[in-house]
Amino acid sequence: MASKRQPDESVKTDKKKKKKKTTCEETAELCSVVEDEQVKKTVREAWSQRSPCRQGDLELDCHPFPHCIIKNFLGSETFVENLQRELLELNFHEKSNDLYKFKQSDDLRKRTEPHIAGLRAALFGRFRSWLGEVLGVELEPTVDISCAKYEYTDVLLCHDDELEGRRIAFILYLVPPWQSSDGGTLDLYTTDSNFQPQSIVKSLIPSLNTLVLFEVSPVSFHQVSEVLTQDKCRLSLSGWFHGPSLERPPRHIEPPVPRSPHLPRDETLLLEWVNPVYLDISYQEQIQEEFEDSSEIQLKDFLKEEKFREVREALRLTQIQWTRRGPPNKRCYEAASLDTLPQCVSACWELLRSEAFFLLLSNFTGLRLHYLCPADDDDDNKDEEREDVLDGKAMGSSTESPSSANTSREKEPSTPVCCGELRRWSHGSYTLLHDAEAARAEYALDLVLPFCDWQSEFGGFTCYVANEEDEELLTVYPEDNSLALVYRDKETLKFVKHVNHKSSSGSANSSTYGAFYDFSFVYYE
């Protein structure tokens, strides 16, 4: 969940500790522009008026939100070189979730290496005092700093950095010569009237010994774009200066996705589309037994081969109109406009919404997605056993007892419904966990039917996680003509991992990659 993650170029988990002075500290000389009283006065006035300002190596810009760039931040090249060396000798650990993928060092708050300690003292001592005077705010002496290495395909997706106590975010770049084509830029987003990010309007290219800082606010949406170079390391120090947080407006709540009951289509649709092996009643019983054990299953070669090939070829036609789904702090992929689908694709869509398919899913899963599915009182022991699995195993982390969950759903019998999309995933696509999704989480059956020639290293796979936990419960990889079914409870969330540059690079057989498609449906009892 976003509220549990520490979303920026560092992920902090340790609690505040008292700083200890080191005896081997090297003094970090800061650039002259920070020591100049007239510059400080000019920058303070510009910041308060939200107007741009340039003073030597210092540049202040307030679009799309206030941020400051200070080149040649450290006065000594030798100090910078030694700082780089000390940082690269640290242990780094892989960090990866829905929001980011990069490597992070051990905690820097108590490191005693001379140049790390010297920089820490300068940042949270002299520079913190200077910055507080510029802002007109008393910043706390809290030390919040870490080191990150971004290498090929590493990324930090769109977020606003807001967490209680953070006032100013900073990044000090310690990189080799860098170009925009290398990726790894700090991208700044505009926001709409609902304080949601819209589009990137400024990209800052990392530069050696350059400090970037910005005000943490409801509109400070930014990302670190994916690193595209395979032979450079984007090394940086980053953290936050703490102080009184800016007032935050109520979070925007998206309207719920409309749900629809099944379409009145009979079993002839199944006979036309579905692999006959899955229409065999005895095999359906085997599938249901396996599904009840794990709450998930993948049914390979689900569609008839000729139907699958026909749809796969049609999905590449230019007549389909694709719309980018956002906002980027929640999702980034393309969804098809249903009224532009070729006939065979539209027919496949109807299949997944048909009454016959609802009944087939009931037979696969034991869920009440059709009135012909046996009610709980017809098979109490079986249903109780099933609820034990769903609430306590891979796809469930709910503390609600199975019986109470069952009872709450029995009080008001409802018509089974579904919602769905035809999606296109390509380089840069992803979905993120967010608070609104957690608040609306409920029991549901997820279905994904991919049309792809894909490799797991490209990303694009679906991860299921327990709410407010980092541990992944299940990963579902896109596989050609493999129907994935996952039943999740109210404490289970999902995201699609960022599709990285490898999907579109010039690797072997890359001509068959670049993008993949899937039907994604959610069914509710």
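The legends below describe close-up views of a predicted model. Local features need pLDDT of at least 70 and side-chain atom pairs pLDDT 80 or more, while totals for chains, interfaces and linings use all residues. Residues are numbered from 1 along each chain as its sequence is written, and side-chain values use heavy atoms, without hydrogens and water.

**View 1. An open sheet of three strands, in the order 21-20-23, pairs antiparallel.** Strand 21 (472-476) and strand 23 (492-496) are the edges, each with a single partner strand, so one side of each has no neighbour in the sheet. Strands are DSSP runs (E, at least two residues), numbered from the N terminus, and two of them pair if DSSP finds at least two bridges between them. Strand 20 (residues 462-466) and strand 23 are joined over five bridges; in strand 23, L493 is the bridge partner of V465.

**View 2. D446 forms salt bridges with R488 and K494.** A salt bridge is a side-chain nitrogen of Lys or Arg within 4 Å of a carboxyl oxygen of Asp or Glu. The closest N and O atoms of R488 and D446 are 2.6 Å apart. R488 lies in strand 22 (residues 483-488) and D446 in strand 19 (residues 444-451), so this pair ties together parts 42 residues apart in sequence. R488 has a relative accessible area of 10% and is buried; D446, at 2%, is also buried. Buried means under 20% relative accessible area, exposed over 50%, and partly exposed in between (1.4 Å probe, protein chains only). For K494 and D446 the N to O value is 3.2 Å.

**View 3. R109 and D107 form a salt bridge.** Their closest N and O atoms are 3.6 Å apart. R109 is buried at 10% relative accessibility, whereas D107 is partly exposed at 25%.

How values were computed
Helices (H or I, at least four residues) and strands (E, at least two) are DSSP runs, numbered from the N terminus.
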